[in-house]
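The following questions and answers concern the terms used to describe a protein structure. Each answer sets a value against a definition and then concludes.

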Amino acid sequence: MTKPTLFLMVGLPGSGKSTRARELEHESGAMRLSPDEWMMPLFGLSDVDGRRDVLEGRLIWVATQALQRGTNVILDFGLWGRDERAALHWLAASLGATAQTVFLDVDPETQLARVTQRWREAPGDTWEMDRDALENWRAAFQAPERDELSGSWTPPPPNGAETWHDWLSDRWPTSIP
Ligand SMILES: Nc1ncnc2c1ncn2[C@@H]1O[C@H](COP(=O)(O)OP(=O)(O)OP(=O)(O)O)[C@@H](O)[C@H]1O
Ligand SMILES: [Mg+2]
């Protein structure tokens, strides 16, 4: 059996992650897990009282089971942090799967135009984002570097964590069965 792939959609709001994730879903037969498709119907908000983290953890738990069964999975999370992505690369490897970071880059003007248009056309699926918020998010985003994007990527766990398992359990407690 060929190794299943865990696709990690990485990018800022409006960069085109969900659009590309839907294409990948059809190209690779992967199961697509997009938190907004759960948060909005459940809570009417993209995040509320930290529940997005709870949901993301549970989606990682589902992803783990699917990968163990040989199914490709797409996590359409955004994943702004390098350590978040490294932990998920480690998780995939520990399950005999391959992780692939799919980075969607977007310049600020295009991003603003896209999120503004999306909000106008489908306000129920998203929320309003202004220029200041987009600037702050861009400053916080850790773009993937070449090593992450080119094949096997196995950085050591960050200071303070013994293992990636510990780090993952701390970041997404609900990802652990
Ligand atoms: N390559 C593209 N060219 C032009 N428009 C695009 C492209 N990719 C996405 N869009 C449009 O930009 C808007 C945002 O795209 P999308 O919802 O895929 O972004 P996203 O990264 O998933 O955002 P979010 O993080 O807010 O979920 C959508 O209206 C989409 O149709
Ligand atoms: Mg999206």
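Q: What makes the contact between Arg82 and Asp147 a salt bridge?
A: In this predicted model, the side chains of Arg82 and Asp147 come to 4.0 Å, N to O. A salt bridge requires a side-chain nitrogen of Lys or Arg within 4 Å of a carboxyl oxygen of Asp or Glu, so the pair is counted as one. The two residues belong to distant parts of the chain, 65 residues apart: Arg82 is in helix H4 (residues 82-94) and Asp147 in helix H7 (residues 146-149). In general, side chains of opposite charge can pair when their charged atoms come close.

Q: Why are Arg82 and Asp147 called partly exposed?
A: The relative accessibility of Arg82 is 31%, and that of Asp147 is 36%. Buried means under 20% and exposed means over 50%, with partly exposed in between. Arg82 therefore counts as partly exposed, and so does Asp147.

Q: How do you know that Glu23 and Glu27 each form a salt bridge with Arg20?
A: The closest N and O atoms are 2.8 Å apart for Glu23 and Arg20, and 3.3 Å apart for Glu27 and Arg20. Both values are within 4 Å, so both pairs meet the definition of a salt bridge. The structure holds twelve salt bridges.

Q: Why are Glu23 and Arg20 separated by about one helical turn?
A: Glu23 and Arg20 are three residues apart in helix H1 (residues 17-28), which means that about one helical turn lies between them.

Q: Which residues are linked in a network of salt bridges?
A: The network links Asp36, Arg52, Asp53, Glu56, Glu84 and Arg171.

Q: Why is the aromatic pair of Trp80 and Phe141 called edge-to-face?
A: The structure holds four aromatic pairs. In the pair of Trp80 and Phe141, the centres are 6.4 Å apart and the angle between the planes is 85°. Trp80 lies in the loop between strand E3 (73-78) and H4, and Phe141 in the loop between H6 and H7, so the pair ties together parts that are 61 residues apart in sequence.

Q: Is Phe141 buried or exposed?
A: Phe141 has 12% relative accessibility, which is under 20%, so Phe141 counts as buried. Trp80, at 26%, is partly exposed.

Q: What makes the pair of Phe103 and Phe141 stacked?
A: The ring centres of Phe103 and Phe141 are 6.0 Å apart, and the planes meet at 25°. Planes under 30 degrees apart count as stacked, so this pair is stacked. Phe103 lies in strand E4 (residues 98-103), and because Phe141 is in the loop between H6 and H7, the pair ties together parts 38 residues apart in sequence. Phe103 is partly exposed, with a relative accessible area of 25%. Ring pairs link Trp80, Phe103, Trp137 and Phe141 into a cluster.

Q: How do you know that Met40 is buried?
A: Met40 has 14% relative accessibility; the limit for buried is under 20%, so Met40 counts as buried. Met40 lies in helix H2 (residues 36-43).

Q: Which residues make the nonpolar surface patch, and why does Trp38 count as partly exposed?
A: Trp38, Leu42, Phe43 and Leu45 make a nonpolar surface patch of about 390 Å². Trp38, which lies in helix H2, has 42% relative accessibility, a value between 20% and 50%, so Trp38 counts as partly exposed.

Q: What makes the patch that includes Glu135 negative?
A: The patch is formed by Glu128, Asp130, Asp132 and Glu135. Asp and Glu count as negative, so the patch is called negative. Glu135 lies in helix H6 (residues 131-140) and, at 52% relative accessibility, counts as exposed because this value is over 50%.

Methods: Residues numbered from 1 in each chain as written. Chains lettered and ligands numbered in written order. Predicted model: local features only at pLDDT ≥ 70, side-chain atom pairs only at ≥ 80, totals over all residues. Heavy atoms only, no water. Patch = residues over 30% accessible without salt bridge, like charges linked within 9 Å, V, L, I, M, F, W, Y side chains within 5 Å. Areas by Shrake-Rupley, 256 points an atom, 1.4 Å probe, with all protein chains shown as cover. Charge placed at Lys NZ, Arg CZ, Asp CG, Glu CD. Helix = DSSP H or I, 4+ residues; strand = E, 2+ residues; numbered from the N terminus. Buried < 20%, exposed > 50% of the residue type's maximum accessible area, 1.4 Å probe, protein only. Phe/Tyr/Trp six-rings, centres within 6.5 Å; stacked < 30°, edge-to-face > 60°.
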